[in-house]
Amino acid sequence: KGLKDLLESVLLRTDDNGQGQSVIQLQTPFGGGKTHSLLALFHLFNQGEKLSHLEVIESVKKSSKVKNIPKVNVAAFIGTHANALSDKTPWGEIADQLGVYEIMKEDDEARIAPGKAKILKMLKQAGTSIILMDELMEYVVKSDRAEEIQNRVMGQTLAFLQELTEAVATTKTSVLVVTLPASTQIYDENAIQSLNKLQTVSGRVESVVQPVEGIEIYEVVRKRLFQDLGNPKEHVKAAQKFFSFYHELGESVPAEFRTSEYRKKIEKSYPFHPELLDTLYERWGSFSTFQRTRGVLRLLALALGDLYEKRIPSSLIQSSMMPLDNTSVKREFIKHIGNEFDSVIAADIGEKGAKAPQIDRQMGSEYAKQKIATGLSTAVFMYSFSGSGRKGLNLRELRVTILREGIPKTIVGDAVKKLEEELWN
């Protein structure tokens, strides 16, 4: 849906009817399609009517009421590919791809950002055009360093973007689509300041678009982690199993888990339980240091490898199963909350002598087999942290993190009481 909305907006803008957004910034969680969206725009307006047979294009044309894909000049600047010392500047590269390099030649060779008037001249001479700028932050970091080395005036790329956004906004048929990182954790302090300036500059006239959101995020995660998701009938079967189980539990679990909509969520998130993905996205994802794209996928990949080796008997992966005894998995969490929590996990959850595993062994074979106490304490850990105000969970929510077929619901209450008595943290 997000991709269709983006294509529709750009199609309306380039159709010379005064509609559609002029400047668009793409933001996505879990690596949900920034570059894919730029690729879709690139191919749509380069291939034109050759793609009209595709279902998504037919849908976009129908909803936008645009009969034919207009003829458009497309320029693409990729920050990770450009050499800030020797390649053309962003303004030189864009002008060259639009076929009007002579307008920007002097500014490009001097590596000085052009003024708004010259950019408007470029856009007017190029005609209807789309400018795609991917990984711009990466280029700003390199450009700032290059300007420092060559003793040139700093901030030329930022100055250009400011003039470009304002110039594009005053035209009728030009579009600028920019991607900026959602996380700052991979940059130093100077780079973070540049990112803040970039967001301020582009934010004056831009529209922020999320190509992927809601339940579609589950599909992004699954596609990036698994080559083969197995027989779809198994997904439906697992979803129905949990749906029926939650109905049997009745008021022991929150009402939302007993709806047909949630059964559909389980099917879409298989083999993950939706509560696990929602916890990572809504709670851990609210940390400014949490890199939603690579961070979450790396975390889940590490967990999947560990769980596969352990052959955990469950048709879905729940929060209670996150292997905090795995050093790599543990570090993925601790780096966002502080090293002091390393000892907390070691004392209560993640070591052989930890309190929760001891409780599992003391309370019988069923506890030890299902790792009830360890799973509950793991789930409590997962829900105890957030970059926002929402932290913790109640007993009904806690049951959802661990209960599955074969585990009696009464066992949770007993285990929680034991954990309250024995755990140190």
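Biologist: Which residue stands opposite Leu-176 in β4?

Modeller: Ile-131 does. Before going on: this is a predicted model, where local features need pLDDT of at least 70 and side-chain atom pairs count only at pLDDT 80 or more, while totals for chains, interfaces and linings use all residues. Residues are numbered from 1 along each chain as its sequence is written, and side-chain values use heavy atoms, with hydrogens and water left out.

Biologist: And how do β3 and β4 run?

Modeller: Parallel, with four bridges joining β3 (residues 129-134) to β4. Strands are DSSP runs of E, at least two residues, and helices are runs of H or I, at least four, numbered from the N terminus. Two strands pair if DSSP finds at least two bridges between them.

Biologist: What about β1 and β4, which sense do they pair in?

Modeller: β1 (residues 23-26) and β4 pair in the parallel sense, over four bridges. Val-23 has Leu-176 as its bridge partner in β4, and Ile-24 stands opposite Val-177.

Biologist: Is β4 buried or exposed?

Modeller: Mostly covered: five of the five residues in β4 (175-179) are buried, meaning under 20% relative accessible area with a 1.4 Å probe, protein chains only. Val-175, Val-177 and Thr-179 point one way, and Leu-176 and Val-178 the other.

Biologist: Why the two directions?

Modeller: In a regular strand, side chains alternate between the two faces of the sheet. For β1, both faces are covered as well, with Val-23 and Gln-25 on one side and Ile-24 and Leu-26 on the other.

Biologist: Switching topic: which residues have the most contacts inside the largest nonpolar core?

Modeller: Leu-280, Trp-284, Phe-333 and Phe-381, in a core of 31 residues. A nonpolar core is a set of buried Ala, Val, Leu, Ile, Met, Phe, Trp, Tyr and Cys residues joined through side-chain atoms within 4.5 Å. Its largest share, seven residues, comes from α14.

Biologist: What does Phe-381 touch?

Modeller: Leaving out residues up to four places away in sequence, Phe-381 touches Trp-284, Leu-324, Phe-333, Ile-337, Ile-345 and Ile-349. Contact here is heavy atoms within 4.5 Å.

Biologist: How much space is in the largest pocket?

Modeller: About 500 Å³, taken as the space filled by probe spheres set on the grid points, which are joined across faces, edges and corners. On a 1 Å grid over the protein atoms alone, a pocket is an open set of points where a 1.4 Å probe fits, with protein on both sides within 12 Å along at least five of seven lines; lining residues have an atom within 4 Å of a point. Of the 26 lining residues, the closest to its centre are Lys-310, Asp-325, Asp-360, Lys-371 and Thr-374.

Conventions:
Buried < 20%, exposed > 50% of the residue type's maximum accessible area, 1.4 Å probe, protein only.
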